[in-house]
Amino acid sequence: MAEINRAVKGTNDILPDSSAKYTFIESKMLETASLYGFREIRVPTFEHTEVFVKNVGDTTDIVQKEMYTFTDKGGRSITLRPELTAGTVRSVIEHGLVNGALPVKVCYLGGCYRYEKPQAGRLREFHQFGVECFGAASPAADAEIICLAKQSLNEIGINDISLEINSIGCPDCRNEYGKALKRYFEKNIDKLCDTCKDRLNRNPMRILDCKNPECKEIAKDAPTVLDYLCDDCAEHFDGVKKHLDAAGVKYTVNPRIVRGLDYYTKTVFEFVSGDIGAQSTVCGGGRYDGLVKSMGGPDIPALGFAMGIERLMLTLQNTNAPFPEEDKCDLYIATLGDNAQKEATKICTALRSDGYEAGFDICNRGLKAQMKYADKIGALYTMVLGDNEIASGEAKLKCMENGEETTVKLSELSDTLFELKCKSVF
RNA sequence: GUGGAUGUAGCUUAGUUGGUUAAAGCGCCGGUUUGUGGCACCGGAGACCGUGGGUUCGAGUCCCAUCUUCCACCCCA
């Protein structure tokens with residue numbers, strides 16, 4: 001197929017046969033978030049490039065090599081959002097939400113864009129659901145969003161998933177820890193792999209995450225962040241754990257999880273799935289207390305998480321999780337002749353305005369072909385409509401599941417369908 | 001960006017040491033006395049064999065390049 005007729009590398013079409021599944025996931029997410037008081041916010045798909053450079057961090061891979069950046073016709077440098085936190089923070093500051101009643105709780109759903117090499121669970125255009133909470137410094141807030149993340153995963157049927165938490169401290173303790181880590185790894189620099197040698201200067205914490213066996217061996221005895229937390233951060237982390245215990249949420253403390261975005265402070269966490277390949281993080285989040293201020297807003301704490309919708313879908317598919325049944329056509333009218341087709345238009349319009357999914361032949365096919373079609377689309381009932389039925393004002397409704405027929409008055413179709421549907425529920 | 005695998009009808013595949021009009025199943029459309037689906041039978045449409053070069057009298061089959069998809073690294077959701 002010619003290149004122009006194919007979707008761009010790393011992008012995905014969601015076809016009618018699976019779109020309802022995505023809608024299910026998305027609506028469950030929004031629904032669950034609202035139970036915790038999070039209301040949806042919708043921010044632009046693109047922002048001034050600076051918004052991401054300043055917030056995501058100019059040393060991160062995302063900013064350095066993964067952004068879709070272009071100059072618009074007005075000479076502005078524009079970037080398609082690689083994530084939704086930065087734009088959300090910009091928005092709540094710009095519109096003064098952070099000057100109103102605190103905490104501000106918002107959630108979002110939308111496409112994100114990163115120029116990466118696609119693989120399982122990783123696309124160039126992907127979709128995130130996430131929440132942000134502004135103005136809450138208490139560990140109860142951290143625990144609350146973790147509970148929300150867990151519940152929303154459970155709501156869509158993801159239960160076999162592990163929660164890992166860590167604290168990377170405030171900038172002060174992180175700085176101290178970074179130095180200690182550097183001292184430790186410098187002693188073993190010869191044994192480290194090439195990428196880790198590079199990481200030593202860029203981001204020593206990443207070495208802890210390396211999958212190279214030799215690096216893993218060395219990292220085993222490396223100092224842990226948790227030993228370098230200041231009193232305030234240690235107490236905060238302790239509080240988070242206590243709240244999680246109180247909520248009955250199971251977790252493991254993993255001092256090696258490090259989020260890749262610069263803005264994180266204190267609590268970081270991930271929900272990890274064992275069912276979707278190498279890109280196993282389904283949800284990632286944490287606290288970012290300095291971000292609002294650095295964006296030019298008031299000095300208030302903030303925290304949030306994001307999950308990748310496509311990864312949620314992968315998890316559900318790979319674990320054969322059930323999806324709710326899709327809506328079916330309530331009544332399909334098979335027509336005979338032009339008169340009947342016109343009458344079907346009239347009847348279907350009325351049924352649809354009463355809330356029924358109704359359809360009839362618009363391809364001018366024969367009766368048999370129409371019945372076959374009704375069967376294929378899974379129509380619950382069919383009705384043959386010809387001149388006889390129009391003249392008598394009566395027709396037979398056929399239940400496609402068991403073949404039973406019932407005679408109905410055309411003028412009472414809507415009521416009859418309602419009765420039949422009620423019966424089939426019991 | 002690095003590495004490995006892949007690419008034949010809408011889908012899943014067959015295609016012998018390169019040799020005439022590239023097969024099959026599923027799906028799609030139609031038919032089996034013209035007012036009734038699922039089963040069966042019959043018929044039909046549908047493929048520039050990913051793309052571009054090259055070798056050859058001749059290439060889906062061999063060589064090179066390129067792109068896509070998949071998987072892993074890096075990194076992230």
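1. Let's start with β10 and β11: these strands pair in the antiparallel sense over five bridges. Two strands count as paired if DSSP finds at least two bridges between them, and strands (E, at least two residues) and helices (H or I, at least four) are DSSP runs numbered from the N terminus. Across this pairing, glycine 285 stands opposite phenylalanine 305 in β11.

2. A word on the source: this is a predicted model, in which local features need pLDDT of at least 70, side-chain atom pairs count only at pLDDT 80 or more, and totals for chains, interfaces and linings use all residues. Residues are numbered from 1 along each chain as its sequence is written, while chains are lettered from A and ligands numbered from 1 in the order in which they are written.

3. On its other pairing, β10 meets β9 (residues 265-272), antiparallel over six bridges. Here cysteine 283 in β10 is the bridge partner of phenylalanine 271.

4. Now look at the whole sheet: it is open, with eight strands in the order β1-β5-β6-β11-β10-β9-β7-β8 and mixed pairing. Its edge strands, β1 (39-40) and β8 (252-253), each pair on one side only.

5. Just after α11, asparagine 320 takes a positive phi of about 55°.
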